[in-house]
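Subject: Structure handover

Hello,

Here is the structure for you to look at. Please open it beside this email while you read.

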Amino acid sequence: MKTQRRVSAAAAALLLGSAGILLGAGPAQAAEVSYKVECIPPAGGGGPVQGTTTVSITAPATAKVGDEVEVVWKTVKPASNNTDLMDLGKDTVKPTGWVKLGGALGSEVKLEGERKNPPIPKKAPMVMSDMKGKVKLTKAGDVTITPGKYDVDFSGFITHCSPKEAPGVAATIKVTEGGGTTGGSTTGGSTTGGGTTTGGSTTGGGSTTGGSTTGSTTGGTGGTGGTGGQTDFPGKPVEVSFDCGAVVPNGIKTPVTINAKKNGGAYELTVKTAKGAMASPMALPAGALKPSMNIKLGGADSGTVKVTGPANAEPIPDKAPVSLSDMTGTYTPGKTGKVTLSPDQLTIDVTMAPGSTPINVPCKAVSSGVSLELDTTAQPGGSGSPTTGGGSAGSAAGGLAETGAADEGGITALALVAGTVILLGAAVFTFTPWRRLRGGSPR
């Protein structure tokens, strides 16, 4: 009997030892890394928020040259909680993060998460999906993985978070030449930072975060183009005041964000304004509202680039939220150097019945700012166009996104002044008289 017990104990020890060997060769959970960050919310969402985020990076402990491995970023603890302004809906938060590779490799890798989250009540901790990306291992040696900046995209509005101290190494992959792998384990870094900040970062139609995702731009101008093979250049939201004359007595004030995606030598622009947070006072037909905007070029280039947005594809019921759709266009650089992009004139075409003449509402930007800076290379036939008035756009409506602040962009409803109020995004337009838009004649 004693002999059997000794054999059983030895067998158990052998099994446990074998399991340890297998685990060492498989994916290894990294130790958690904490570091201080500063998160810049979209315009209208409050000031910067500082806190400590805790991250866990998962990667294979061992691999060989030529392998392409998956790296996973899990936000264990966000830098801040949701604000006390509003509850966040299900599947509205999308994180993006960047990790730095050191040791045998030296580069930055983008990781993306799904727009997937449970409902997040006011003041509750932010919950974000895991971010994933692929790394091609091209050299033998230890490859270290360190978390860095991240963005949180809430329904198209982005909070940028950047480290305020050097994060620690979160994982290490031991890479061998093609003959096989050696044992090894993933190691975790250890930076610590101050306590978490609650009540924090915002969602201004964009993400509220304190937590997890990376921003290529923080504070100053938006991302800089033309470096390191980067193709996506997110801009920062800037508060813009528009003067629409007598049509909108108090004008419009709303955050505007210019994002760019490099396509060859040109840049595909996407321009976002504040999303609908208020109800329309009456039903609007499909195709009633078409926005466009001039983007002013500065720095090395000059002129404007026109972007246009689709009309609302579906009728908008009475009391329903109304938003301006995202506007798109292409900028082909005419000059080499650093070029700034700023929101300029906004134009709304209003058509109340098919075949009727649109009412053109021009709104001049009386105050604006640089949303994005690109490092450009001159292209044949490129350059900005002379400033011109806005125009109309195509079809299909942009999605409505909730905002993180009830007074998105600082806009409040205008009184009814001899006409009817139409809410566009966070702005309120008063058309006088309303009968003109319906094609009727004034009495």
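Below are notes on its salt bridges.

This is a predicted model, in which local features need pLDDT of at least 70, side-chain atom pairs count only at pLDDT 80 or more, and totals for chains, interfaces and linings use all residues. Residues are numbered from 1 along each chain as its sequence is written, and side-chain values use heavy atoms, with hydrogens and water left out.

There are eight salt bridges in the structure (a salt bridge is a side-chain nitrogen of Lys or Arg within 4 Å of a carboxyl oxygen of Asp or Glu).

One of them joins Arg115 and Asp153, with 3.5 Å between the closest N and O atoms. Arg115 lies in the loop between β7 (107-112) and β8 (131-136) and Asp153 in strand β9 (residues 141-154), so the pair ties together parts 38 residues apart in sequence. Strands are DSSP runs (E, at least two residues), numbered from the N terminus. Asp153 counts as buried at 16% relative accessibility, while Arg115, at 34%, counts as partly exposed. Buried means under 20% relative accessible area, exposed over 50%, and partly exposed in between (1.4 Å probe, protein chains only).

Lys174 and Asp142 form another salt bridge, at 3.4 Å from N to O. Lys174 sits in strand β11 (residues 171-176) and Asp142 in strand β9, 32 residues apart. Lys174 has a relative accessible area of 27% and Asp142 one of 38%.

In the salt bridge between Lys272 and Asp326, the closest N and O atoms are 2.6 Å apart. Lys272 is buried, at 14%.

Regards

Methods. Helices (H or I, at least four residues) and strands (E, at least two) are DSSP runs, numbered from the N terminus.
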